[in-house]
Amino acid sequence: MGANHEHDPHDAAPARGRALRLGIGGPVGSGKTALTAALCRGLRDELNLAVVTNDIYTTEDADFLRREAVLPDDRITAVRTGACPHTAIRDDISANLDAVESLEARHPGLDLVIVESGGDNLTALFSRGLADRQIFVLDVAGGDDVPRKGGLGVAAADLLVINKTDLAALVGSDLGLMGRDAARVRDGRPVAFTSLRERPDAPEVAGWVRGIVREARASAHAPSHGPAAAS
Ligand SMILES: Nc1nc2c(ncn2[C@@H]2O[C@H](COP(=O)(O)OP(=O)(O)OP(=O)(O)O)[C@@H](O)[C@H]2O)c(=O)[nH]1
Ligand SMILES: [Mg+2]
(Lines give C-alpha, C1' and ligand atoms only; values in the text may rest on other atoms or scores of the structure.)
(Ligands and ions follow the chains in the order given, each with its own letter.)
Protein backbone atom coordinates (compact mmCIF):
# COMPACT_ATOMS: atom_id res chain seq x y z
CA MET A 1 0.00 0.00 0.00
CA GLY A 2 1.25 3.50 -0.80
CA ALA A 3 2.12 6.12 1.79
CA ASN A 4 -0.62 8.46 2.97
CA HIS A 5 0.42 11.64 1.17
CA GLU A 6 -2.31 13.70 2.81
CA HIS A 7 -0.58 13.31 6.16
CA ASP A 8 1.95 16.01 6.99
CA PRO A 9 3.85 15.25 10.17
CA HIS A 10 5.19 18.83 10.42
CA ASP A 11 3.55 22.03 11.61
CA ALA A 12 4.00 25.18 9.57
CA ALA A 13 7.05 26.97 11.02
CA PRO A 14 6.44 30.52 12.27
CA ALA A 15 7.35 32.89 9.43
CA ARG A 16 8.09 36.00 11.47
CA GLY A 17 11.67 37.24 11.31
CA ARG A 18 12.95 34.80 8.73
CA ALA A 19 13.03 34.43 4.94
CA LEU A 20 9.96 33.26 3.06
CA ARG A 21 10.57 29.67 1.88
CA LEU A 22 9.35 28.79 -1.61
CA GLY A 23 9.35 25.15 -2.73
CA ILE A 24 9.58 24.29 -6.43
CA GLY A 25 8.55 20.71 -7.23
CA GLY A 26 7.43 18.67 -10.22
CA PRO A 27 8.34 15.71 -12.42
CA VAL A 28 11.86 15.02 -13.69
CA GLY A 29 12.99 17.46 -16.37
CA SER A 30 9.91 19.72 -16.30
CA GLY A 31 12.02 22.87 -15.87
CA LYS A 32 12.41 23.37 -12.10
CA THR A 33 16.06 24.40 -12.32
CA ALA A 34 15.39 26.60 -15.35
CA LEU A 35 12.62 28.31 -13.38
CA THR A 36 14.83 28.68 -10.32
CA ALA A 37 17.48 30.31 -12.52
CA ALA A 38 14.84 32.61 -14.05
CA LEU A 39 13.60 33.73 -10.63
CA CYS A 40 17.13 34.39 -9.37
CA ARG A 41 18.01 36.47 -12.42
CA GLY A 42 14.73 38.36 -12.34
CA LEU A 43 14.58 39.07 -8.60
CA ARG A 44 18.18 39.23 -7.34
CA ASP A 45 18.44 43.02 -7.74
CA GLU A 46 15.37 43.66 -5.62
CA LEU A 47 15.31 40.73 -3.16
CA ASN A 48 17.91 39.14 -0.88
CA LEU A 49 17.90 35.56 -2.22
CA ALA A 50 19.34 32.08 -1.65
CA VAL A 51 18.68 28.63 -3.13
CA VAL A 52 18.74 25.02 -1.92
CA THR A 53 18.75 22.29 -4.58
CA ASN A 54 17.92 18.61 -4.11
CA ASP A 55 19.35 15.81 -6.23
CA ILE A 56 19.39 12.12 -5.40
CA TYR A 57 23.06 11.30 -6.07
CA THR A 58 24.75 14.42 -7.45
CA THR A 59 24.93 18.19 -6.97
CA GLU A 60 24.18 18.85 -10.65
CA ASP A 61 21.42 21.41 -10.20
CA ALA A 62 23.48 23.51 -7.79
CA ASP A 63 26.50 23.16 -10.13
CA PHE A 64 24.36 24.39 -13.04
CA LEU A 65 23.08 27.41 -11.09
CA ARG A 66 26.64 28.28 -10.01
CA ARG A 67 27.96 27.90 -13.56
CA GLU A 68 25.21 30.22 -14.75
CA ALA A 69 26.18 32.63 -11.93
CA VAL A 70 22.53 33.27 -11.08
CA LEU A 71 23.64 34.07 -7.50
CA PRO A 72 27.02 34.16 -5.72
CA ASP A 73 28.20 30.60 -5.06
CA ASP A 74 27.78 30.81 -1.28
CA ARG A 75 24.06 31.50 -1.69
CA ILE A 76 23.49 28.13 -3.40
CA THR A 77 23.50 24.92 -1.30
CA ALA A 78 23.05 21.36 -2.60
CA VAL A 79 21.31 18.65 -0.60
CA ARG A 80 21.97 15.10 -1.75
CA THR A 81 18.83 13.22 -0.78
CA GLY A 82 20.21 9.72 -1.40
CA ALA A 83 16.59 8.45 -1.62
CA CYS A 84 13.24 9.34 -3.14
CA PRO A 85 13.17 13.14 -3.47
CA HIS A 86 9.75 13.42 -1.82
CA THR A 87 11.10 11.87 1.37
CA ALA A 88 13.48 14.82 1.77
CA ILE A 89 10.84 17.49 1.19
CA ARG A 90 8.01 15.84 3.06
CA ASP A 91 8.80 13.11 5.56
CA ASP A 92 12.31 13.79 6.84
CA ILE A 93 12.93 17.45 6.05
CA SER A 94 15.87 17.83 8.42
CA ALA A 95 18.64 18.01 5.77
CA ASN A 96 16.71 20.67 3.87
CA LEU A 97 15.87 22.65 7.02
CA ASP A 98 19.55 22.55 8.06
CA ALA A 99 20.52 23.88 4.61
CA VAL A 100 17.93 26.68 4.75
CA GLU A 101 18.84 27.67 8.30
CA SER A 102 22.53 27.71 7.55
CA LEU A 103 21.91 30.00 4.54
CA GLU A 104 19.81 32.27 6.79
CA ALA A 105 22.59 32.36 9.39
CA ARG A 106 25.27 33.18 6.78
CA HIS A 107 23.17 35.81 5.00
CA PRO A 108 21.21 37.86 7.52
CA GLY A 109 18.16 39.62 6.09
CA LEU A 110 17.31 37.06 3.42
CA ASP A 111 13.90 37.76 1.87
CA LEU A 112 13.43 34.48 0.04
CA VAL A 113 14.94 30.98 0.01
CA ILE A 114 13.96 28.85 -2.98
CA VAL A 115 14.08 25.08 -2.36
CA GLU A 116 14.10 23.03 -5.57
CA SER A 117 12.97 19.46 -5.06
CA GLY A 118 14.45 16.58 -6.99
CA GLY A 119 12.21 15.44 -9.87
CA ASP A 120 9.40 13.30 -8.52
CA ASN A 121 5.87 12.11 -9.19
CA LEU A 122 2.55 13.93 -9.23
CA THR A 123 1.88 13.41 -5.53
CA ALA A 124 5.06 15.11 -4.30
CA LEU A 125 4.19 18.15 -2.21
CA PHE A 126 6.46 19.99 0.21
CA SER A 127 5.83 19.73 3.92
CA ARG A 128 4.46 22.95 5.43
CA GLY A 129 7.34 22.71 7.87
CA LEU A 130 9.79 23.32 5.00
CA ALA A 131 7.98 25.50 2.43
CA ASP A 132 5.61 28.38 3.15
CA ARG A 133 4.49 28.43 -0.47
CA GLN A 134 5.05 26.05 -3.35
CA ILE A 135 5.11 25.98 -7.13
CA PHE A 136 4.53 22.76 -9.06
CA VAL A 137 6.08 22.64 -12.55
CA LEU A 138 4.70 20.42 -15.31
CA ASP A 139 5.80 20.45 -18.91
CA VAL A 140 3.63 20.05 -21.98
CA ALA A 141 5.81 17.22 -23.30
CA GLY A 142 4.67 15.01 -20.41
CA GLY A 143 1.25 14.84 -22.10
CA ASP A 144 -1.78 17.11 -22.10
CA ASP A 145 -3.72 14.65 -19.94
CA VAL A 146 -1.50 15.21 -16.87
CA PRO A 147 -3.57 18.06 -15.34
CA ARG A 148 -6.73 15.97 -15.74
CA LYS A 149 -5.10 13.09 -13.87
CA GLY A 150 -4.66 15.47 -10.96
CA GLY A 151 -2.50 14.48 -8.01
CA LEU A 152 -1.63 16.64 -5.03
CA GLY A 153 1.07 18.63 -6.82
CA VAL A 154 -1.23 19.72 -9.63
CA ALA A 155 -4.26 20.29 -7.42
CA ALA A 156 -2.84 21.87 -4.29
CA ALA A 157 0.34 23.81 -5.14
CA ASP A 158 -0.04 27.57 -4.65
CA LEU A 159 0.97 28.12 -8.29
CA LEU A 160 0.90 25.54 -11.10
CA VAL A 161 3.37 26.29 -13.89
CA ILE A 162 2.86 24.53 -17.24
CA ASN A 163 6.23 24.92 -18.96
CA LYS A 164 7.71 24.29 -22.41
CA THR A 165 4.75 25.76 -24.30
CA ASP A 166 7.18 26.13 -27.25
CA LEU A 167 7.01 22.33 -27.60
CA ALA A 168 3.20 22.03 -27.52
CA ALA A 169 2.68 21.89 -31.28
CA LEU A 170 5.60 19.47 -31.72
CA VAL A 171 4.24 16.95 -29.22
CA GLY A 172 0.55 17.52 -30.01
CA SER A 173 -0.39 18.92 -26.58
CA ASP A 174 -3.53 21.05 -26.36
CA LEU A 175 -2.75 24.01 -24.07
CA GLY A 176 -6.40 25.02 -23.82
CA LEU A 177 -7.34 21.57 -22.55
CA MET A 178 -4.48 21.61 -20.03
CA GLY A 179 -5.63 25.00 -18.74
CA ARG A 180 -9.27 23.93 -18.39
CA ASP A 181 -8.41 20.64 -16.67
CA ALA A 182 -6.01 22.41 -14.31
CA ALA A 183 -8.63 25.04 -13.43
CA ARG A 184 -11.15 22.32 -12.64
CA VAL A 185 -8.96 20.53 -10.09
CA ARG A 186 -7.37 23.68 -8.61
CA ASP A 187 -10.33 25.42 -7.08
CA GLY A 188 -9.34 28.89 -8.29
CA ARG A 189 -5.63 28.67 -7.50
CA PRO A 190 -3.51 30.23 -10.27
CA VAL A 191 -1.93 28.57 -13.31
CA ALA A 192 0.87 30.10 -15.42
CA PHE A 193 1.94 28.94 -18.89
CA THR A 194 5.64 29.48 -19.57
CA SER A 195 8.27 28.83 -22.14
CA LEU A 196 11.57 29.26 -20.38
CA ARG A 197 13.21 28.72 -23.75
CA GLU A 198 11.42 31.70 -25.32
CA ARG A 199 11.07 33.86 -22.16
CA PRO A 200 13.91 32.82 -19.85
CA ASP A 201 12.91 35.56 -17.37
CA ALA A 202 9.42 34.07 -16.67
CA PRO A 203 7.87 37.47 -15.92
CA GLU A 204 4.48 36.14 -14.83
CA VAL A 205 5.97 33.75 -12.28
CA ALA A 206 8.40 36.42 -11.04
CA GLY A 207 5.41 38.74 -10.55
CA TRP A 208 3.60 36.08 -8.52
CA VAL A 209 6.71 35.59 -6.34
CA ARG A 210 6.95 39.38 -5.74
CA GLY A 211 3.36 39.21 -4.55
CA ILE A 212 3.93 36.43 -2.01
CA VAL A 213 7.06 38.16 -0.66
CA ARG A 214 5.04 41.39 -0.25
CA GLU A 215 2.30 39.48 1.57
CA ALA A 216 4.84 37.82 3.88
CA ARG A 217 6.39 41.21 4.71
CA ALA A 218 2.99 42.72 5.40
CA SER A 219 2.00 39.89 7.74
CA ALA A 220 5.40 40.06 9.51
CA HIS A 221 4.74 43.74 10.30
CA ALA A 222 1.09 43.29 11.24
CA PRO A 223 0.38 43.38 15.00
CA SER A 224 -0.01 39.86 16.37
CA HIS A 225 -3.41 38.98 17.78
CA GLY A 226 -2.57 36.95 20.84
CA PRO A 227 -5.14 36.09 23.47
CA ALA A 228 -6.47 39.18 25.26
CA ALA A 229 -4.83 39.76 28.63
CA ALA A 230 -7.00 38.72 31.58
CA SER A 231 -8.04 41.66 33.72
N1 LIG B 1 12.08 23.54 -25.12
C2 LIG B 1 12.15 23.87 -23.84
N3 LIG B 1 13.07 23.31 -23.04
C4 LIG B 1 13.11 23.67 -21.75
C5 LIG B 1 12.23 24.64 -21.20
N6 LIG B 1 12.51 24.78 -19.87
C7 LIG B 1 13.52 23.93 -19.62
N8 LIG B 1 13.90 23.27 -20.72
C9 LIG B 1 14.96 22.25 -20.89
O10 LIG B 1 14.49 21.07 -20.28
C11 LIG B 1 15.59 20.36 -19.68
C12 LIG B 1 15.29 20.10 -18.21
O13 LIG B 1 15.22 21.36 -17.55
P14 LIG B 1 15.58 21.49 -16.02
O15 LIG B 1 15.33 22.90 -15.61
O16 LIG B 1 16.90 20.91 -15.74
O17 LIG B 1 14.45 20.53 -15.39
P18 LIG B 1 14.31 20.05 -13.89
O19 LIG B 1 12.86 19.95 -13.62
O20 LIG B 1 15.09 20.91 -12.99
O21 LIG B 1 14.96 18.60 -13.96
P22 LIG B 1 15.36 17.64 -12.71
O23 LIG B 1 15.89 18.51 -11.61
O24 LIG B 1 16.37 16.70 -13.28
O25 LIG B 1 14.08 16.95 -12.30
C26 LIG B 1 16.81 21.23 -19.92
O27 LIG B 1 17.48 20.75 -21.05
C28 LIG B 1 16.23 22.61 -20.14
O29 LIG B 1 17.05 23.44 -20.95
C30 LIG B 1 11.27 25.25 -22.08
O31 LIG B 1 10.45 26.10 -21.71
N32 LIG B 1 11.28 24.82 -23.38
MG1 LIG C 1 16.49 20.42 -11.55
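This briefing describes a predicted model, its sheet, the surroundings of its ligand and a few individual residues.

The model is a predicted one, in which local features need pLDDT of at least 70 and side-chain atom pairs count only at pLDDT 80 or more, while totals for chains, interfaces and linings use all residues. Residues are numbered from 1 along each chain as its sequence is written, and chains are lettered from A and ligands numbered from 1 in the order in which they are written. Helices (H or I, at least four residues) and strands (E, at least two) are DSSP runs, numbered from the N terminus.

**Annotated regions**

- An unreviewed UniProt entry places the feature "domain: CobW/HypB/UreG nucleotide-binding" at residues 22–191; UniProt positions follow the numbering used here, feature names are shortened, and annotations may be inferred rather than shown by experiment.

**Around ligand 1**

- There are 17 residues around ligand 1, of which Lys32, Thr33, Ala34, Gly119 and Arg197 come nearest; a residue is near a molecule or strand if its C-beta atom, placed from the backbone, lies within 6 Å of it.
- Helix 1 (residues 32–43) gives the most to this shell, with three residues.
- The shell holds four nonpolar, eight polar and five charged residues, where Ala, Val, Leu, Ile, Met, Phe, Trp, Tyr, Cys and Pro count as nonpolar, Asp, Glu, Lys and Arg as charged, and the others, Gly among them, as polar.

- Glycine 26 lies in the loop between strand 1 (20–25) and helix 1, and it counts as buried because 29 C-beta neighbours lie inside 10 Å; a residue is buried if 20 or more other C-beta atoms lie within 10 Å of its own, exposed if 12 or fewer, and partly exposed in between, with C-beta atoms placed from the backbone.
- Leaving aside neighbours within four places in sequence, glycine 26 is in contact (C-beta atoms, placed from the backbone, within 7 Å) with Lys32, Phe136, Val137, Leu138 and Gly153.
- Glycine 29 lies in the loop between strand 1 and helix 1, but with 14 other C-beta atoms within 10 Å this residue is partly exposed.
- Aspartate 73, found in the loop between helix 2 and strand 3, counts as exposed, with 11 C-beta neighbours inside 10 Å.
- The C-alpha atoms of aspartate 73 and proline 27 are separated by 26 Å, and the two residues are 46 residues apart along the chain.

- Seven strands form an open sheet in the order 3-2-4-1-5-6-7, with parallel pairing; two strands pair if DSSP finds at least two bridges between them.
- Strand 3 (76–80) and strand 7 (191–193) stand at the edges with a single partner strand each, so one side of each is left without a neighbour in the sheet.
- Neighbouring strands of this sheet are turned by 20 degrees against each other on average, direction ignored; axes are lines fitted to C-alpha atoms, for helices over the stretch in contact, and angles run from 0 to 180 degrees between N-to-C directions.
- Helix 2 (residues 60–67) packs on the sheet, where it touches strand 2 (49–55), strand 3 and strand 4 (112–116), and its direction makes about 145 degrees with that of strand 2.
- Helix 9 (residues 203–221) also packs on the sheet, touching strand 1, strand 4, strand 5, strand 6 and strand 7, and its direction makes about 150 degrees with that of strand 1.

- Strand 5 (residues 133–139) is joined by five bridges to strand 6 (residues 159–163), which runs parallel to it, and aspartate 139 stands opposite asparagine 163 in strand 6.
- Strand 1 and strand 5 pair in the parallel sense over four bridges, with glycine 23 opposite glutamine 134 in strand 5.
- Seven of the seven residues of strand 5 are buried, so this strand is largely enclosed by the rest of the structure.
- Strand 2 is mostly covered, as seven of its seven residues are buried; its parallel pairing with strand 4 runs over five bridges, and the bridge partner of alanine 50 in strand 4 is valine 113.

How values were computed:
Two residues are in contact if their C-beta atoms, placed from the backbone, lie within 7 Å.
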